[in-house]
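Here's a walk through the model, one region at a time. Keep the 3D view open as you read.

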Amino acid sequence: MPKKRQLVPELLVIDNPFEKLTAEELNDDYALIAYLFAKPQQSIFSQLMGRQNSIIVGGWGSGKTTLLKYLGFETQLEVLGDANIRDSNFIGTYVKIGRGSFRPFLKPGGDFKPGGEVLFGHYFNLFILERIISVLIYGAEKGVIDISEEQASKLHQSTISRFSEMKSKREIRYKTSVPLHAELHQLKSEVEGLRHEIETFLDTRDLEDNLSYEGRLSVYPTSIRTFLDETIKSIWSDCGICSRKRFYVLLDECEQFSKGQQRVINTIIKQRLTTLVFKLATRPPDIQTMETLDEGVGLTDRECKHVYLDKEYDAVSASFRQLCREVAQKRLEKYGYPVTDIKTILGRLEVEEEAGRDDIITYLKNMYPTRERVNDAEGFATVYKDFKIAAAYQILHDRGKRKKYSGFEVFVMLSSGIMAHFLELCRTTFRQSIGEDILLEPPGKITFKRIPLPEAVQDEAAVTVSGEFYSNIRGRAQSLKDTSIEMEFGEKIQYIVGVLGGIFRKKLMTFNEPEAAMVEIPEGLGALASNRENPVQQLFNTAIGISVFQEGTPYMPQHVGGVRPPTYVLNRILAPYLHISPRPRWRTRIRADVLNRILEVSEGEFASLVLERKRRDTEVEKKEPVHEAQLPLLPVSGARLSENMPVLSYIANKLQGRPFEGKTLLVLLHFLRDLVPFMESCRKLGASPGDTMVFHKNYQYPNKREVIEQLQHEGHGVYPVEESADRLEQITPLTTKNLIVVEDGGIIVPQLHERFESIGACTLGAVEQTTRGLRNDEHIGQILFPVLSVPGSRIKDTFEPPHVARALVSNLPNMLSEKNLAGRHVLVIGFGTIGEQVALHLRDTLKMIVSIFDSDSTRLVVARQHGFDTEETLVQGVGAKYLVVGATGETAVNRDAILAMSHNTHLVSASSEQWEFCVSELEALSSRKEGLPGSARDMGTRYVIRNTENYVNLLADGFPINFWHSESMPNEVSDLIMTLLLVSAVEVAISAELRSGIDRSTVDRLSEQWELASMYLQYHK
């Protein structure tokens, strides 16, 4: 144990660079805040500095206050200096919302008292104005803001004159006859006096008896919305360097606002004032912004952008490790330390130093269940890398020793992406090291006696900080306690942590999923009990709010398809206290019905329930593989529309009227996540679920069942596409044109011409998404109604193909027994927009040798210009190819080509349908067929060609593999395409100028009219 600091009195002068952790502890030392501030990654910093309203969401100590204080005028003055501050385009006003600041306006439970909503609006304006004037005073005292007596008098008069506009209809009377002193201090004093007058009123009178005015947002006095804007315009005119500068209102701890109070603030923010920008900081769960959308005052992503620090600051990301180094370096430099690289100071403790490499190897070879991987050098190297940490815990446990927590990488991991945790670990380490490991030489220069600092000192610091975090759970929980539930949340959360820690520790000491410190709740938090007797849901929400749990990346093994259930990571700072690994590599799956019993049964009984359920689930999985039909509901509806699909959300809000009202919608699109918000947009624009039929194809979509259940829950009729004819027969004969088709593949439109002409004659029009569907429509002949063509549009042809190709290429290694495809030969059939991108990705990403065949010689010329070999005939091209990719949208591979294929050829479709390969010919030519070997899922079919014994492997049974247990495209791309479909369908519903037949120009016109490309770039930077 190192000597304590007090044993060496002369060392008391040594400053611990980490003694003050947070911006609050630095108080108003703006120079120090400016000096110690390290820029976060660009995605956060650009949002922070920009002129857009923002909500910064992060756990305790994640850096929200530091970020906001950095924007404050006082800190910016230190950063920029007297000269450069004049060129800054904003003035920041930091405001901390203390607990209980606005409680007098509320009833017990959080609702406004009658009249309190209006009164709060006035009070909030005065509250912010008072802080703004304080900033002006600070600038004037520093000699930066030049304001003459005449200007101050003018500002004073213009501001006071507005107070009369804020009179209440009843008892409140504002002082308007005060002398006009030409001093900012006097103006601040008067604003403060008016604010206190409201406080006095609240303290002495009962709002319910004396202020019966029940104001609604729609009848608010205009002054509540515009008072600040008009006042700051006066400041622009009268306060020197403030001219045309926006005021950033930096509201900290906004979780203290009630939903009603946040609704009032949203009302002000939604005005998008020319003078004010709001930067709000809150702990998770998020403040009431999206939830108030149904009341007309929610903030969309376009009005207020969200920045999630806990997600951006991933504890295992290179960006967060670098940020930790930079933050520590600034502190070490400030206090004159000779070594300023915290990574060098803390070093790295290798597990081999504690358990021994030979012992770990022996242990793993004895314990690892798959002997083939143990005996294979390359396979065992992976086993060693993945399991050596867990093996060290188990080996040391058997020896009666404890695994140490030390080293820079471990400290970063323990921090859980929360900067305050990392700094606290450093602070405690330095406190315990100063007495022995840091010496003060006679010249006064600080030197290290030993670097890296001893592992034992670091480990003791980690255990100390971890225990303090656990002990502080009660106090933190009390600050976020749900007042409607009478229970000591902190004590119960501590109990839950202890119970789960015991389960994680028990798993750690076994070989199966040893580092399982993530909790997976298949049904989500919404399925947890939330009554007074058993408020498990409230407990978990509070635990998330105080960062005991953090939302994790949903876990799903590659061999299991379907939606990924929500996962919650136990804050890694608790690992030393619980003596578990800080690497939560696996998850502990706990169903809601089991988790709901955590407060009702003993710790041992609960652990038995979890572990017994795990054994039962494992047995079921062995007998019955998990299919998508067994997976939980998809959480992508409702208020999350604007988060998942911001462009689609904006357009749905922007469009006027209810164009789909009274219309019958037939929708045939891919059953991916993006379909849910698309149908939600249709409902918002008047579509009735009872008058909507949604058809799905026989694809292995990853979330198919969840999408079906979601749409059925919302009232839509959902059917397999094979039943489309039967469903069309059930449509009541139409007398007016009110039917609209939105489809992918050209199936519904041909039926309306060939079998249901009476319905087709009453169809307003259709929107077709694919080239193949367009070809089907072209075969109709005379088309009865307009068909808007999305394929061929500039947006679809530009944005979609690279992502489709990327999804296809990403899925390939998961579907093939041969994982390393580099150097293998592949033929791409069709060098159109999709085929070209597929070929490029196969060559550049997978390093395959790519040849091209296309019946269009012009496309072959383009292929050669891209450096590809070309084939003269298809029969020659398929020979000696490991992979054949069809990207034509037609049936390109027939009998002759199949017979020309070499042994073990793999066929892959890049089309949107099961078109590329003639499956009937494969069936006829084969002597037998079987499932593809070595796959836990139904990945396709192997055909053994008669008389040759050659294998032809049809991946995904000829369906496009970019959809095979995959979403195919990221949200930002589907956001654009689904928005294009929506505006096209609306055009069909409202336009009288469309003509029957295939329309290839309107979609481009609509994308330009709605500026979709520009909007895409703004939202998806």
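E1011 counts as exposed, because its relative accessibility is 54% (exposed means over 50% relative accessible area, buried under 20%, and partly exposed in between, with a 1.4 Å probe and protein chains only). You'll find E1011 in the loop between α42 (1002-1009) and α43 (1012-1019); helices here are DSSP runs of H or I with at least four residues, strands are runs of E with at least two, and both are numbered from the N terminus. Phi of E1011 is near 55 degrees, a positive value in a residue other than glycine. Before going on, note that this is a predicted model, where local features need pLDDT of at least 70 and side-chain atom pairs count only at pLDDT 80 or more, while totals for chains, interfaces and linings use all residues. Residues are numbered from 1 along each chain as its sequence is written, and side-chain values use heavy atoms, with hydrogens and water left out.

H579 also has a positive phi, about 55 degrees, and is not a glycine. This histidine sits in the loop between α24 (575-578) and β11 (587-589), and with 17% relative accessibility H579 counts as buried. Then there's a cis peptide bond between I451 and P452, with omega at about -5 degrees. P452 belongs to the loop between β7 (446-448) and α20 (455-471). For background, most residues other than glycine have a negative phi, and most peptide bonds are trans.

## Helix α20

How far apart are the end C-alpha atoms of α20? They are 24 Å apart, which agrees with the 24 Å that its 17 residues should span at 1.5 Å a residue (the expected span is 1.5 Å times one less than the number of residues). Buried residues of α20 include V457, A461, V465 and F469, along with D459 and Q458.

Zoom in on F606: once neighbours within four places in sequence are set aside, its contacts include V499, L500, I503, I590 and R597 (contact means heavy atoms within 4.5 Å).

## Cysteines

How many disulfides does the rule give? The count comes to zero, a disulfide being a pair of cysteine sulfur atoms within 2.5 Å. C324 is in no disulfide, and the nearest cysteine sulfur, that of C426, is 8.0 Å away. C324 is buried at a relative accessible area of 0%, and C682 is buried too, at 2%.

## The four-strand sheet

An open sheet of four strands runs in the order β9-β10-β8-β11, with mixed pairing; two strands pair if DSSP finds at least two bridges between them. Its edge strands are β9 (549-551) and β11, each pairing on one side only. β9 pairs with β10 (residues 567-570) in the antiparallel sense over three bridges, and E551 has Y568 in β10 as its bridge partner. Helix α22 (residues 489-508) packs on the sheet, touching β8 (518-520), β9, β10 and β11, and its direction makes about 115 degrees with that of β11 (axes are lines fitted to C-alpha atoms, for helices over the stretch in contact, and angles run from 0 to 180 degrees between N-to-C directions).

## The eight-strand sheet

Another open sheet has eight strands, ordered β20-β19-β18-β21-β22-β25-β24-β23, with mixed pairing. β20 (869-870) and β23 are the edges, each pairing on one side only. Strands β18 (residues 825-829) and β19 (residues 849-853) run parallel, joined by five bridges, and L827 has S851 in β19 as its bridge partner.

Why is β24 (residues 940-945) described as largely enclosed by the rest of the structure? Because six of its six residues are buried. G940, R942 and V944 point one way from β24, while T941, Y943 and I945 point the other way. β24 pairs antiparallel with β23 (residues 926-931) over five bridges, and five bridges also join β24 to β25 (residues 951-955), again antiparallel. β24 and β25 form a hairpin with five residues between them, and N947 in the turn has a positive phi of about 75 degrees.
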